[in-house]
Amino acid sequence: MKLFDALGRHLEEAWTFADRDEERFPDIAAAALEGFAARFDAEAFYDAQLDAAAPGRQHLAPLGAFGQPGFTAFHGQGFVVEVYVWTNAVAAIHNHPFCGAFTILQGDSVHARYQTSSPRRAGARGQLLDVRLTALERVTQGHVQRFSLRRHPLIHALIHVPIPTISMVVRTTRTEGYYRYLPPSLALPMEPLPEPAARRIALLETLLSADVPSAIDRACRLLRGADFETTVRLLCAVWPGADPTTRAVLWGAAADLHGDRREAIEAALRRAARLEEATAIRHVLRDPQHRLCATALAYAESRTHVETLLATEGDPDGLLNRFIDEAGVFAADEAASALIARCLVDGDDDAAILAALTSAYGADEIVSQRDAIVTYANTSIFSVLRR
């Protein structure tokens, strides 16, 4: 850990010389991180963390909260140096209500950056606003990114591709307005709901996933009197696994209090469902190219975003078609879904997709499935290729 101790001492001295101005800390951190990845030895880091005879350190992030796991490598006066090992964590879109810089020590990642409109208050802590993806780019080992409250504002998600990837952040510890964003329309506080609301939602999620007969009625009972944040968090927890009928019942229970926000909430739920589907696929993949494809389909908002990101690795259409063929996205009995996905890669419209399926399976098989086919083409993870 000598490498991190030296870094921490340098940051202490440089920031003191800058009068501990938080908005100057990102430049200090970024300068200190230039070239740091080249000096980082992952095996030595693992050895140090696994040495049972070494003295323990106080870690800022609770185990399981950030990183798989995360380590506080240096705790200074008003700042920390933290190292995160990553496999398949879900990358929440969040702001940085503190100041500093991050770098990639090993591996590479996809950096999704966003801009927002001015927020409107929704309930005590929620926000309604436009959340727009502005860049989806590949960042490699040694990349350094500044962030701060005013000079370098950053709303982003960092999605790690190879397993494992190791990142590091140097940041101030004082936070101000920490939010999680749900494109295209919502933001909620990053911290969980306070008790007892958080535990009630967790119990309802368990009852619904276990198909307990009374679960839907109990969820509706809660939704009829729930504030905006509780409503959104409960719907986000149960929406992806719910069938259309259950979704309609749940929304009907929430409509009396939040009907004027329906469009914003439903848009966020639809977007979250696509992200969850693609993330679940990415979790079982090991091939870096397949993981890159799943990440692109999860976070992109247009075909251009997908193609620009995948072009860093090769031919986008070729990578997507190999992803369809090899990644295990489709079971053996889902050949029709794979064919639809290939049509979307080719840029086909609904008519061309239906024609391709008719040619493969016959008109009688396709006529009765037309609505389901069109729905799949417009809601699956590949639907982003139509935008």
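Biologist: How are H10 and H11 oriented relative to each other, roughly parallel or roughly antiparallel?

Modeller: This is a predicted model, in which local features need pLDDT of at least 70, side-chain atom pairs count only at pLDDT 80 or more, and totals for chains, interfaces and linings use all residues. Residues are numbered from 1 along each chain as its sequence is written, and side-chain values use heavy atoms, leaving out hydrogens and water. Helix H10 (residues 288-299) and helix H11 (residues 303-310) pack at about 155 degrees with axes 9 Å apart (axes are lines fitted to C-alpha atoms, for helices over the stretch in contact, and angles run from 0 to 180 degrees between N-to-C directions). Angles under 35 degrees count as roughly parallel, over 145 as roughly antiparallel, 65 to 115 as roughly perpendicular and the rest as oblique, so H10 and H11 are roughly antiparallel.

Biologist: Which residues of H11 meet H10?

Modeller: Contact means heavy atoms within 4.5 Å, and helices (H or I, at least four residues) are DSSP runs numbered from the N terminus, as are strands (E, at least two). On the H10 side are Leu292, Cys293 and Ala296, and they meet Val306, Leu309 and Leu310 of H11.

Biologist: How many residues of that contact of H10 with H11 are nonpolar?

Modeller: Ala, Val, Leu, Ile, Met, Phe, Trp, Tyr, Cys and Pro count as nonpolar, Asp, Glu, Lys and Arg as charged, and the others, Gly among them, as polar. In the contact of H10 with H11 there are no charged and no polar residues, and the nonpolar ones number six.

Biologist: Is Cys293 buried or exposed?

Modeller: Buried means under 20% relative accessible area, exposed over 50%, and partly exposed in between (1.4 Å probe, protein chains only). Because its relative accessibility is 1%, Cys293 counts as buried.

Biologist: Let's move to H5 and H6; which one charged residue takes part in their contact?

Modeller: Helix H5 (residues 197-209) and helix H6 (residues 215-223) pack at about 150 degrees, their axes 9 Å apart. From H5 come Leu204, Leu207 and Leu208, and from H6 come Ala215, Ile216, Ala219, Leu222 and Arg218. Seven of the contact residues are nonpolar, none is polar and one is charged.

Biologist: Finally, is Arg274 buried or exposed?

Modeller: Arg274 has its place in helix H9 (residues 262-283). Leaving aside neighbours within four places in sequence, Arg274 is in contact with residues including Leu297, Glu301, Ser380 and Arg387. With a relative accessibility of 4%, Arg274 therefore counts as buried.
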